Amino acid sequence: MKPSPWPDWLDDLLAKSQQYGGETLADHTWDVLCRLADLYRLRPHLADLAGEVRLWHCLYWATFLHDFGKAAAGFQRRLRGGPAWSHRHEVLSLAFVDAIAHGLSDVEQRWVVAAIVSHHRDAPEIHELYPPGLRRDPLSGLCAELQPATTDLLHRWLGECANPWRTALGMADVVAEINPQSHPIDARRIRHWLSVYHQWVNTLTAAGTATTARIPGILLRGMITTADHMASAHLQQLPEPIRHSWQAVIPAGRETYSHQVASAGASAQHVLLMAPTGSGKTEAALAWALADGSNPPARIFYTLPYQASMNAMFDRLRHLFGDDVVGLQHGRAAQALYARFRDGEEWAATTVRKVQWEKNLNLLHARPLKVLSPYQLLKALFQLRGFEAMLTDYVQAGFIFDEIHAYEPERLALITGLMRYLRQHIAARFFVMSATFPTLIIEQLSDVLDTPAIIQATPDIFARFRRHQLHLRDGELTDPAIITEIAAAVRDGKQVLVCVNTVARAQMVRDLLMQAGLSDEQLILIHSRFTYGDRNRLEQTIVERCRSNSARRPPLALVSTQVVEVSLDIDLDTLYSDPAPLEALLQRFGRVNRRAAKGICPVYIFRQPNDGQGVYGRHRDPEQAGHIVRVTLAELERHHGDIVDEAAVQTWLDTIYADPLLRQQWLTAYQNMSRQVEQIINGLCPFQSDAQREDEFEQMFDGVDMVPACFERDYVNLLVEEHFIEANDFLVSISKQRFAILRSQGKVRPAEETGRRRVWVVQTPYDSRNGLSFGDTAIDPDWS
């Protein structure tokens with residue numbers, strides 16, 4: 001609803017072209033102010049992070065003025081289909097700052113100017129377009145674009161509407177009244193305000209500037225760009241935070257555990273939780289985030305290491321809280337969303353629009369609860385475009401880090417470096433949980449989170465979750481007798497989890513089990529080398545057939561790599577596993593007898609191969625490669641035949657990491673990266689993203705998207721029809737090392753007719769049961 005008074009006299013001035021809705025300047029400005037008011041209600045105490053300056057006061061007046069420059073004649077012609085316009089409308093908007101400058105302190109003037117001029121472009125771009133000292137100042141031509149009559153109408157709008165609108169929006173308590181004063185449009189005044197802006201940016205980027213001094217600039221730009229983007233996307237209202245009491249997250253009929261109650265009581269603290277897999281850690285984390293529901297966090301971020309576990313958690317949480325509350329964000333979120341939405345839609349086009357809208361909501365920071373990869377969070381640390389809006393969305397948020405053990409020390413150092421920054425500077429809270437916490441990791445997290453509360457499941461809960469008997473077996477699980485044994489267990493009605501460390505080995509095991517007499521219906525294979533469409537189908541099939549409360553639990557062998565390890569709520573009957581580090585093995589154990597309702601189930605770990613298979617303990621020296629696997633096996637030998645006491649697992653881990661070589665390797669890798677993260681954070685500065693860091697960020701991901709040759713024509717046809725999401729269902733990710741090998745063998749070529757998209761076709765076999773095959777088992781750089 002439009003407020004009163006309304007500037008009807010401005011109805012001819014547009015803010016958007018017909019292509020983007022044809023909104024008037026007044027309509028768009030009101031929508032942006034409405035979203036700003038939503039953000040104020042979401043984070044009413046945000047101004048506490050800005051010191052003495054009136055943050056919301058500055059944001060309101062900057063937002064009101066931010067698009068005034070769109071009234072330029074050339075910009076209006078462009079919106080109506082005219083030629084391109086070479087100027088920046090946000091710079092022209094600075095011409096109106098003099099009208100309100102008397103209601104701002106010197107510092108507030110600087111903040112308002114920065115918010116206006118930075119809401120689309122970084123400071124270096126603005127400086128390059130309008131450099132000082134030119135004989136013919138481009139600002140003179142820019143000012144000539146505003147007709148005097150138009151300027152008068154804009155001043156009238158500002159004078160008659162700005163103060164009443166702040167009241168209509170419920171922001172009068174934090175936005176002071178200013179009685180605007182009309183001023184002529186003057187290039188010298190715009191130059192003055194640009195100088196004020198660039199001087200502040202130079203101060204912020206200067207060596208030795210405290211991190212805290214940069215926070216206000218981050219909040220300013222983050223808030224105004226977020227409000228602007230939400231309005232441009234026609235988001236009508238910002239969803240409310242989740243206000244459920246923590247008891248609402250405990251499934252009906254399920255026992256409430258003491259560590260869940262303790263987590264709810266520690267909602268104001270940072271927490272480390274140690275509890276057995278299957279003992280309700282997810283519910284404990286949500287209990288911590290929500291507490292009694294009276295003071296919910298502005299946002300909840302639930303991070304997981306693998307896409308399969310993220311997709312499963314997304315399904316789990318949206319069933320708990322509703323589709324409009326939970327978002328999903330990772331590299332292939334669009335494919336996962338498409339797989340979930342298309343079954344209920346009559347037309348594919350409707351599904352695609354819905355997927356795109358969901359992606360937009362994540363980018364707009366609109367969902368109250370988001371399931372995502374930590375690497376999505378790390379984009380802010382690498383100062384990628386839009387990082388200020390990302391960091392602003394993290395203010396006063398609750399972060400849940402599930403299965404923190406899954407990250408290599410370098411990746412963990414990146415994550416903990418971000419944690420420290422968010423804790424120290426934007427009042428974020430953290431809940432970190434795992435079934436396995438080596439003391440080595442507890443020490444780092446305790447330092448980063450400033451002595452967090454440590455919550456552990458009680459001894460009786462650990463005792464009740466004694467559900468596995470450990471058996472070490474000679475040889476490999478690929479030995480003929482073992483394959484026969486697995487097939488017999490399936491025929492005997494069991495659901496068997498077979499975990500191996502590489503994709504090629506998983507494909508081989510599936511073929512061996514087929515040869516041993518198991519049918520397609522009795523076999524499921526999952527790994528990273530399926531197309532995204534097949535991968536989503538497999539994930540949903542596994543959950544349907546193997547989850548603990550599934551009505552249909554047919555006998556089968558689930559053959560998997562590491563993708564099955566983390567946070568999948570599946571419950572099989574026994575495990576056969578390649579040797580691996582203890583943290584990985586314990587996660588594999590957690591997919592068996594998950595609820596401890598089957599008595600004691602056997603888990604079989606093989607003594608060979610003990611070289612890490614190029615996955616664990618990689619090292620140039622073959623004698624040292626796989627050292628962590630051999631140390632783990634040595635510890636497991638001490639417990640061969642025992643029922644696994646999950647309360648004692650901490651001691652097992654500490655014994656393993658007490659190995660001098662392992663401890664030194666881990667600490668060296670972690671500390672080296674920690675020093676780099678500190679340098680990155682010291683350079684984190686508002687108003688300028690870092691394109692070079694984008695390359696550094698991309699290097700973190702060891703993947704190249706490929707199209708199997710059998711799908712090339714389908715893929716190209718979908719691209720030609722601009723069905724991009726559907727086309728991506730035919731992509732497979734392989735490692736960069738594998739890509740280089742295939743390219744040297746002549747098995748890779750560019751896809752035909754893909755326009756601007758550079759996509760490669762891989763000419764090796766693919767089928768929906770085995771995925772992409774390379775025909776080797778000895779060297780397998782793809783291991784997930």
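Contact here means heavy atoms within 4.5 Å. Keep that cut-off in mind as you walk through this predicted model.

Start with helix α5, residues 106–117, and helix α9, residues 187–205. Their axes come within 9 Å and cross at roughly 95°. That makes α5 roughly perpendicular to α9. Which residues meet there? From α5 come Gln109, Arg110, Trp111, Val113, Ala114 and Val117. From α9 come Trp193, Leu194, Val196, Tyr197 and Trp200. Sort the residues of this contact by class, and you get nine nonpolar, one polar and one charged.

An α-helix has 3.6 residues a turn, so residues three or four places apart point the same way. Look for that spacing as you trace each helix.

Now move to a second pair. Helix α25 spans residues 627–637, and helix α26 spans residues 649–657. Here, too, the axes come within 9 Å, but the crossing angle is roughly 135°. That makes α25 oblique to α26. The crossing is right-handed. On the α25 side are Ile628, Val631, Thr632, Glu635 and Leu636. They meet Trp652, Thr655, Ile656 and Tyr657 in α26. This contact has six nonpolar residues, two polar and one charged.

Helix α19 runs over residues 439–448, and its buried residues are Leu440, Ile441, Ile442, Gln444, Leu445 and Val448. What lies over them? After α19 comes aspartate 450, with a positive phi near 55°.

Next, turn to the rings. The structure holds 29 aromatic pairs. One of them joins phenylalanine 64 and tryptophan 165. Their ring centres are 5.4 Å apart and their planes stand at 50°, so the pair is tilted. Phenylalanine 64 lies in helix α2 and tryptophan 165 in helix α8, so the pair ties together parts that are 101 residues apart in sequence. Both residues are buried.

Compare phenylalanine 399 and phenylalanine 430. Their ring centres are 5.2 Å apart and their planes are at 20°, so this pair is stacked. Phenylalanine 399 sits in strand β5 and phenylalanine 430 in strand β6, 31 residues apart. Phenylalanine 399 is buried, at 0% relative accessibility. Phenylalanine 430 is buried as well, with a relative accessible area of 0%.

Key. Residues are numbered from 1 along each chain as its sequence is written. This is a predicted model: local features need pLDDT of at least 70, side-chain atom pairs count only at pLDDT 80 or more; totals for chains, interfaces and linings use all residues. Side-chain values use heavy atoms; hydrogens and water are left out. Axes are lines fitted to C-alpha atoms, for helices over the stretch in contact, and angles run from 0 to 180 degrees between N-to-C directions. Helices (H or I, at least four residues) and strands (E, at least two) are DSSP runs, numbered from the N terminus. Angles under 35 degrees count as roughly parallel, over 145 as roughly antiparallel, 65 to 115 as roughly perpendicular and the rest as oblique. A crossing is left-handed if the near helix is turned anticlockwise from the far one by less than a right angle, and right-handed if clockwise. Ala, Val, Leu, Ile, Met, Phe, Trp, Tyr, Cys and Pro count as nonpolar, Asp, Glu, Lys and Arg as charged, and the others, Gly among them, as polar. Buried means under 20% relative accessible area, exposed over 50%, partly exposed in between (1.4 Å probe, protein chains only). Rings of Phe, Tyr and Trp (its six-membered ring) pair if their centres lie within 6.5 Å; planes under 30 degrees apart count as stacked, over 60 as edge-to-face and the rest as tilted.
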